[in-house]
Amino acid sequence: WYMKNENKLSTWTDTRGVADHFNIKPATIRKHRSKQMKNTLPFHKVGGAIKYNIVECEKFMERNKNAY
C-alpha cells in the first residue's frame, strides 16, 4: 500500500497502509482520527485524501509507547 515514487518506496501512505505497517485495524485508526483522540497518529489532508507519513508515525509511536 505504500505509494511508489520514481521506483522508490515513499514514506507516505493511506489509512490502510499505515494500519498494515503498525498491525492496527484501519477502523481503529479512523475512529481515533474522527474523535480527535490524543493518541491519534499524525496525518495530513491532501486534496481531501488522508495521508500518513510513516516516519512521523513511527516517531509518534516511539514517544507514545504506553498508549498502545
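## Aromatic pair

One aromatic pair is present in the structure (ring centres of Phe, Tyr or the six-membered ring of Trp within 6.5 Å). Phenylalanine 43 and tyrosine 52 form this pair, with 6.3 Å centre to centre and 55 degrees between the planes. The geometry is tilted, a class lying between stacked (under 30 degrees) and edge-to-face (over 60).

The model is predicted: local features need pLDDT of at least 70 and side-chain atom pairs pLDDT 80 or more, while totals for chains, interfaces and linings use all residues. Residues are numbered from 1 along each chain as its sequence is written, and side-chain values use heavy atoms, without hydrogens and water.

## Surroundings of the pair

Tyrosine 52 is buried at 0% relative accessible area, whereas phenylalanine 43 is partly exposed at 33% (buried is under 20%, exposed over 50%, partly exposed in between; 1.4 Å probe, protein chains only). Arginine 33 lies over the face of phenylalanine 43, 5.8 Å from the ring centre (CZ of Arg or NZ of Lys within 6 Å of the centre and within 35 degrees of the ring normal).

Proline 42, in the loop between H2 and strand E4 (44-46), touches Tyr52, Glu56, Cys57 and Phe60, leaving aside residues up to four places away in sequence (heavy atoms within 4.5 Å).

## Helix H2

Helix H2 covers residues 26-34, and Ile29, His32 and Arg33 are buried in it (helices are DSSP runs of H or I, at least four residues; strands are runs of E, at least two; both are numbered from the N terminus). Viewed down the axis, the buried residues fall within an arc of 100 degrees, so they line one face of H2 (directions from the axis to the C-beta atoms). These residues pack against helix H1 (15-22) and strand E5 (49-53).
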